[in-house]
Amino acid sequence: MLNPYLLRKELSEVAKKLLKKQFKLNISLISEIENKRKKLQIKTENLQHNHKLLSDLFRKSKLLKKNDEHLKNKIIKSNQKLNILKNELNIIKEKIYNISMSIPNIPSSDVPEGIGSNNNKEIKYWGTKKIYNFKILNHIELGNQLNQIDWKSAAKISSSKFVVLKGNIALLHRALGQFMLDLHTNEHGYVETYVPYLVNQDSLYGTGQLPKFNDDLFYVNNINKKKYILIPTSEVPLTNLFRNQILDDNYLPIKLTAHTPCFRSEASSYGRDSQGLIRLHQFDKVELIQIVQPELSMKILEKLTNHAEKVLQLLELPYRKVLLCGGEMSFSAVKTYDLEVWFPSQNQYREVSSCSNMGDFQARRMKTRYQNKYKKSKNFVHTLNGSGLAIGRTLAAILENYQQKDGRVKIPSILKNKYMKGMNFLS
């Protein structure tokens with residue numbers, strides 16, 4: 001949620017900046033409602049003041065043992081008017097709140113203009129693409145050839161966009177999650193956290209998935225008809241751990257990681273990457289979140305992105321880092337880097353991690369602040385998150401980049417002994 005001050009005092013400037021995200025702010029509507037709020041606020045405050053004066057007079061008259069019915073009636077009428085005004089003011093405030101909840105975050109000034117991925121800014125490339133002297137198979141063909149990725153059984157027990165992994169590919173999938181967690185906890189200083197996979201609506205409002213992405217979520221009703229929602233990412237429960245809290249400055253930054261399944265209906269992604277492990281209704285991901293002081297958040301974004309990059313470097317997977325343009329950014333982000341791993345069968349890079357600085361946008365929605373030890377004030381924190389990494393997509397990239405001429409798949413050396421029982425190849 002944006003700082004309300006910006007919508008009151010810098011509305012035109014905010015509207016201009018939001019165009020970078022392809023969002024057109026309804027200035028006339030917001031101005032009209034804000035003017036009504038101001039007038040009602042002034043009327044309410046004036047009436048409250050007069051009501052207080054009348055109440056003070058009445059108390060004095062009672063002390064003097066006077067029975068002033070006229071004054072008493074004036075107080076009753078004043079109170080009735082005050083209640084009506086308060087109700088009208090609350091309705092207006094709720095309208096403003098609902099509008100503000102649908103406004104995306106303002107992108108950073110260094111975010112490129114543009115709508116599609118062609119407008120993203122390439123920051124760096126890492127790794128060397130392998131040259132193959134045989135026909136390259138995609139990860140679906142490799143999984144079928146190895147007889148360890150089962151799409152038909154997944155469709156039978158669930159539907160399309162689900163997968164069953166078997167044997168050593170299932171082991172590799174588990175190994176990747178464990179490897180990522182070990183790296184982030186042992187070397188990068190994150191605290192491993194186990195979180196619920198079902199959350200309430202307040203949690204999704206807090207991180208910005210609701211109300212905008214309602215159609216992309218899976219809802220669950222229990223016998224009491226109380227709604228729970230399957231997490232689209234563990235960013236939601238991890239960040240909401242600090243909802244409605246005032247944090248001690250001494251404990252920042254907070255760094256947490258979790259390995260969870262993620263559940264997405266992908267209603268807004270029809271036709272995009274619809275085959276294989278790239279886009280599923282259920283997939284595993286290791287998530288990184290940090291909660292920091294505002295002045296540090298842009299530096300922390302670089303560090304958090306480097307933590308995700310380290311996974312790809314140790315797995316020796318070629319990738320590139322891109323700065324997303326405004327039209328490609330998420331609803332809540334100020335600035336986002338995508339890490340895109342090389343897929344030789346497609347001859348292109350595909351996203352495997354997205355690392356974002358959310359500024360104070362989520363913190364305002366969650367009411368998460370910290371006590372500044374120098375200024376003795378309470379300020380909103382900044383929140384950051386990133387994939388470290390999406391496990392299914394990383395698995396798919398390993399299958400393709402490490403494939404051999406004879407159909408086997410070589411195990412990355414970092415995984416071989418500690419995580420894959422000394423295995424050299426999937427076969």
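## Packing of helices α7 and α12

In this predicted model, helix α7 (residues 167-186) and helix α12 (residues 391-401) have axes that come within 10 Å and cross at roughly 120°. The axes are lines fitted to C-alpha atoms, for helices over the stretch in contact, and the angles run from 0 to 180 degrees between N-to-C directions. Helix α7 is therefore oblique to α12; angles under 35 degrees count as roughly parallel, over 145 as roughly antiparallel, 65 to 115 as roughly perpendicular and the rest as oblique. The crossing of α7 past α12 is right-handed. A crossing is left-handed if the near helix is turned anticlockwise from the far one by less than a right angle, and right-handed if clockwise.

From α7, the residues Ile169, Leu172, His173, Leu176, Gly177 and Met180 meet Ile391, Gly392, Thr394, Leu395, Ile398 and Leu399 of α12. Contact means heavy atoms within 4.5 Å. Sorted by class, this contact has 8 nonpolar, 4 polar and no charged residues. Ala, Val, Leu, Ile, Met, Phe, Trp, Tyr, Cys and Pro count as nonpolar, Asp, Glu, Lys and Arg as charged, and the others, Gly among them, as polar.

## Isoleucine 278 and threonine 394

Threonine 394, listed above in α12, lies 9.3 Å from isoleucine 278, C-alpha to C-alpha, although the two are 116 residues apart in sequence. Isoleucine 278 sits in the loop between β9 (254-263) and β10 (282-292). With 7% relative accessibility, isoleucine 278 is buried (buried means under 20% relative accessible area, exposed over 50%, partly exposed in between, with a 1.4 Å probe and protein chains only).

## Salt bridges

There are 15 salt bridges in the structure, each defined as a side-chain nitrogen of Lys or Arg within 4 Å of a carboxyl oxygen of Asp or Glu. Glutamate 122 pairs with arginine 320, with the closest N and O atoms 2.8 Å apart. Glutamate 122 is in strand β1 (residues 121-126) and arginine 320 in strand β11 (residues 319-323), so this pair ties together parts that are 198 residues apart in sequence. Glutamate 122 is partly exposed at 46% relative accessibility, whereas arginine 320 is buried at 18%. Arginine 320 also forms a salt bridge with glutamate 340 (2.6 Å, N to O). Because glutamate 340 belongs to strand β12 (residues 335-343) and arginine 320 to β11, this second pair ties together parts 20 residues apart in sequence. Glutamate 340 is buried, at 9% relative accessible area.

Another salt bridge links aspartate 56 and lysine 52 at 3.4 Å, N to O. Both are in helix α3 (residues 27-63), 4 residues apart, which means a separation of about one helical turn. Aspartate 56 is partly exposed at 24% relative accessibility, and lysine 52 is exposed at 53%.

## Overall make-up

The protein has 13 helices and 18 strands. Helices (H or I, at least four residues) and strands (E, at least two) are DSSP runs, numbered from the N terminus. Its C-alpha atoms fill a box of roughly 105 × 50 × 40 Å along the principal axes. Of the 427 residues, 49% are buried. Among contacts with a separation of 6 or more, 72% are between residues 24 or more positions apart.

## Basis of the values

Residues are numbered from 1 along each chain as its sequence is written, and side-chain values use heavy atoms, with hydrogens and water left out. Local features need pLDDT of at least 70 and side-chain atom pairs count only at pLDDT 80 or more, while totals for chains, interfaces and linings use all residues.
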